[in-house]
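Colleague: I am new to reading models like this one. Could we go through it together, with me asking how you know each thing?

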Amino acid sequence: MTDPTLLVLDADPPPRLGRLTGRARIAHTDEAQLAARLPTADVLLVWDFTSRAVREAWPGEGPRPRWVHTASAGVDHLMCPELAASDTVVTNARGVFEQPIAEYVAALVLAMAKDLPRTWELQRRGEWRHRESQRVAGTRAVVVGTGPVGRAVARVLKALDVRTALVGRRPRTGIHGPEDLDRLLSRADWVVAAAPLTDDTRGMFDARRFGVLQPSARFVNVGRGALVDEEALADALAKRWIAGAALDVFATEPLGPESPLWRLPGLIVSPHMSGDTVGWRDELGTQFVELYERWAAGRPLFNVVDKQRGYVPGH
């Protein structure tokens with residue numbers, strides 16, 4: 001019996017797949033060759049999860065892989081109508097990024113509450129300026145998105161004694177529905193966007209939503225860049241509708257040096273790194289190998305994405 005062909009859409013450094021030696025024919029491709037190579041693959045590993053090449057290549061002619069795995073939590077970069085309508089199974093990297101992202105959000109909350117960016121700037125200038133900082137315990141947070149990332153963020157914030165409300169696409173025990181969002185936002189000190197990108201969530205944080213927030217509120221996005229109207233956020237910060245913000249994801253990545261977001265007062269910019277801790281690529285590779293072993297043995301896969309919803313159901 002011929003070993004299945006595993007096609008890897010590469011990024012540097014490539015995944016470590018040594019455990020699959022002799023169990024799969026591993027081929028590598030770049031974006032330019034993906035369309036031509038897709039018909040030869042049984043499995044596609046989207047290691048370059050910043051690429052949108054799958055969306056462009058998938059509608060072509062010929063057979064398509066029976067299974068696609070992306071080394072990311074989001075799947076919007078690869079999903080297209082043809083893939084969504086196909087029998088191909090799609091899985092993601094749920095389980096790798098949640099705790100690191102939650103820790104990163106907590107760090108941002110503490111940094112903004114304790115005015116650490118200003119402290120570092122004053123130190124650089126050699127200027128002694130005593131200030132008062134904000135107590136985090138007892139403040140209110142709204143976390144939008146009830147998947148693993150959102151739940152991990154809520155858990156870590158609660159450990160800081162922050163009163164945290166989770167908002168999902170439908171209400172259930174311990175979770176608010178969309179109809180409660182504006183009311184919760186109007187009282188929030190911290191708003192964390194951790195939702196998947198879908199037709200319902202695209203651009204959900206717009207000028208109206210930023211206008212609902214208190215002038216003392218701060219906004220953090222660790223979900224997807226397109227959840228936020230970036231011009232509206234910039235305007236809200238410039239007009240001091242809100243006290244500050246932190247973005248780790250952007251509508252267009254990488255963020256170009258000409259972007260005004262780099263120089264916007266009150267905004268912390270980081271290069272989509274909130275979930276990337278030392279050894280994260282090895283974790284992604286190990287997770288994929290485990291999934292491949294299950295797939296090759298005919299066992300059920302975990303992290304199966306609902307292709308219509310755009311995320312793994314069950315939360």
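Colleague: Which strands are included in what covers the buried residues of H10?

Modeller: First, keep in mind that this is a predicted model. The cover over the buried residues of H10 includes strand S1 (5-9), strand S3 (43-46), strand S4 (67-70) and strand S5 (89-91). Contact is the test here, and contact means heavy atoms within 4.5 Å.

Colleague: What makes residues of H10 count as buried?

Modeller: Buried means under 20% relative accessible area. In H10 the buried residues include Trp280, Leu284, Phe288 and Trp295, so each of these falls under that 20% cut-off.

Colleague: How do you know that the span of H10 agrees with what a helix should have?

Modeller: Helix H10 (residues 280-296) has 17 residues, and at 1.5 Å a residue they should span 24 Å. The end C-alpha atoms of H10 are 24 Å apart, so the two values agree. Just after H10, glycine 298 takes a positive phi of about 75°.

Colleague: What does the same check give for helix H6?

Modeller: The twelve residues of H6 (residues 148-159) should span 16 Å, and the end C-alpha atoms are 17 Å apart, which agrees. Among the buried residues of H6 are Val149, Ala152, Val153 and Val156. The buried residues of H6 pack against H4, strand S6 (140-144), S7 and S8. Just after H6, aspartate 161 has a positive phi of about 65°.

Colleague: Why do strands S7 and S11 stand at the edges of their sheet?

Modeller: Six strands form this open sheet, in the order S7-S6-S8-S9-S10-S11, with parallel pairing. Strand S7 (163-167) and strand S11 (267-269) each have a single partner strand, so one side of each is left without a neighbour in the sheet. From one strand to the next, the twist averages 15°.

Colleague: How do you know that S8 and S9 are paired?

Modeller: Two strands pair if there are at least two bridges between them. Strand S8 (residues 190-193) and strand S9 (residues 218-221) have four bridges, so they pass, and they pair in the parallel sense. One example is tryptophan 190, whose bridge partner in S9 is arginine 218.

Colleague: What lines the second largest pocket?

Modeller: The second largest pocket has a volume of about 570 Å³. Its lining has 21 residues, of which Asp115, Ala243, Gly244, Pro265 and Gly266 lie nearest the centre. H5 gives the most to this lining, with three residues.

Conventions
Residues numbered from 1 in each chain as written. Predicted model: local features only at pLDDT ≥ 70, side-chain atom pairs only at ≥ 80, totals over all residues. Heavy atoms only, no water. Helix = DSSP H or I, 4+ residues; strand = E, 2+ residues; numbered from the N terminus. Axes fitted to C-alpha atoms, helices over the stretch in contact; angles between N-to-C directions. Expected span 1.5 Å × (residues − 1). Buried < 20%, exposed > 50% of the residue type's maximum accessible area, 1.4 Å probe, protein only. 1 Å grid on protein atoms, 1.4 Å probe; cavity = no way out; pocket = protein on both sides within 12 Å on 5 of 7 lines; lining within 4 Å. Points joined across faces, edges and corners; volume = space filled by probe spheres on them.
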